[in-house]
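Subject: Structure handover

Hello,

Here is the structure for your files. My notes on it follow below.

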Amino acid sequence: MSEPIRFYFRGAVQEIHHAAPTRTVLQHLREDLHCTGTKEGCAEGDCGACTVVVGSLNAAGQLEMKAVNSCIQFAPTLDGKALFTVEDMQQPDGALHPVQQAMVECHGSQCGFCTPGFVMSLWGMYLDKDGQPAQRKEIDDCLSGNLCRCTGYRPIIDAAHRMTELPKVDFDRAALTQQLQALQRDAGASYTAQGQTFHAPRTLEELVALRVAHPKATLLAGSTDIGLWVTKQMRELGDIIYLGHVTALQSVEHKDGMLEIGAGVSLNDAYGALCKLYPQELGELWQRFASLPIRNAGTLGGNVANGSPIGDSMPWLIALGSEVVLHGAAGRRVLPLEAFYLGYQKKDLQAGEFVAAVRVPLPRANVTFRTYKLAKRFDQDISAVCAAFAFTLDGNTVVDARIAYGGMAATPCRAPRAEASLTGLSWSETNLRVAMDMLAQDYAPLSDMRASNTYRMQTAQNLLRRFWLETRADAPLAADAVNAFACRA
């Protein structure tokens, strides 16, 4: 039985009854609610003109406020949540919010098209910092998903500093929490419109039953990839099973010497937990993985389930020896992540199975681990090559070498010949050169708009050399000697 989509917006509960399940939040805002402050630029989550802030209750019942791209989020995902747009920034007395006032005072807007998105991203940070000043790195990260082509970022960054100097405007989290508590459902719900059904289970058991009953339905998590199937490829998705309300997929916990991350945990929360274990090894990759609005919406489980050959998570997960947890009617199944990918867009999934979690090994004293990303931009760009190395060293002897790359083959995969050439030998420049040559036998990369096959091979070899330079026994180089970005202010 179809139930309406209910969400809190502009001080009241809004309902959606007849819109298609793949209608985006942006389309609903502009065309149905006539709130045109939110803009459409790229319709793929890159430019940030469509940025809004969504409030939701996490598995513990705590309020979370996250900036997301409304152009690729489907409207039914708003059920039980709160939506905030630039129209909500106006104060009761008609005054501008400090974020807006700072943009005016610092001349942070010219044509103004991108400004609502910048305002919402900055408001998200304003709430997160509770009105306290932000560091430059935090500001850069906050704005990494917003593009401005006329003003430039300097005055907008000035506004990010200025907004906390103005009189503080408080946000009533308790009142919003109460509003959202009243909207929560006790069980899963289904919304049907225009011949398509959006299923939103609450429990793992409901999810398993739906997957068995609808084996061809599209599984939807963060919509950061599937949203583009609709907005760019004009694909018909059929029925949808949404994972965002399944609390069993939201946990992050230590189990059996592994960190187990549920498939519904956002990329930002997942990398936040992982960087507590691997701060130096994964810190830069976390910052460079897409943009903050994408990381707020997308999930690590979705990244793994998608299995893109250029996905940034898989190389380092494979190098560390991570596992994927699959769940279905037959129960739980665990296998090494590297065995999950059978070919381009082919995965070892049995009928009715889905990715339930990812298990990452905890740091080990004798394992040296690094991961590197090469792309045309520092922020918010798809990798040309992503490399990860996890070596077990006994003194200067390589006991075990695990080398994995993304962007070099049809799937993220290891380099068995290069690994074998190093195992049992000293971690020396001579043996390094042999392993670099072996990479040409392990991979036959393609050329595309991001990089040529020649560039990919050369840089893959050079990244292995960089790893040696950082980890060699004799005078290893510090990060600022091998990383051009290490000296960024």
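How many helices and strands does the protein chain have? The protein chain has 18 helices and 20 strands. Here helices (H or I, at least four residues) and strands (E, at least two) are DSSP runs, numbered from the N terminus.

Some ground rules. This is a predicted model, where local features need pLDDT of at least 70, side-chain atom pairs count only at pLDDT 80 or more, and totals for chains, interfaces and linings use all residues. Residues are numbered from 1 along each chain as its sequence is written, and side-chain values use heavy atoms, with hydrogens and water left out.

Overall shape

The radius of gyration of the protein chain is 23 Å, which agrees with the value near 23 Å for a compact globule of 489 residues. That radius is taken over C-alpha atoms, and the globule rule is 2.2 Å times the number of residues to the power 0.38. Along the principal axes, the C-alpha atoms fill a box of roughly 70 × 55 × 40 Å. Of the 489 residues, 55% count as buried. Buried means under 20% relative accessible area, exposed over 50%, and partly exposed in between (1.4 Å probe, protein chains only). Take contacts (heavy atoms within 4.5 Å). Among those between residues at least 6 apart in sequence, 65% join residues at least 24 apart.

Strand S3

S3 covers residues 51–57. Seven of its seven residues are buried. Thr51, Val53, Gly55 and Leu57 lie on one side, and Val52, Val54 and Ser56 on the other. S3 has two antiparallel partners, counting strands as paired if DSSP finds at least two bridges between them. Seven bridges join S3 to S4 (residues 63–69). Leu57 has Leu63 as its bridge partner there. The two strands form a hairpin with five residues between them, and Gly61 in the turn has a positive phi of about 80°. Three bridges join S3 to S5 (residues 82–84), where Phe84 stands opposite Val53.

Two single residues

Asp46 sits in the loop between helix H1 (25–32) and strand S3. Asp46 counts as partly exposed because its relative accessibility is 33%. Beyond residues up to four places away in sequence, Asp46 touches Gly145, Leu147 and Gln380. Asp46 and Phe118 are 72 residues apart in sequence and 13 Å apart in space, C-alpha to C-alpha.

His327 belongs to strand S12 (residues 323–328). At 17% relative accessibility, His327 counts as buried. Leaving aside neighbours within four places in sequence, the contacts of His327 include Leu204, Arg332, Glu353 and Phe354.

Best regards
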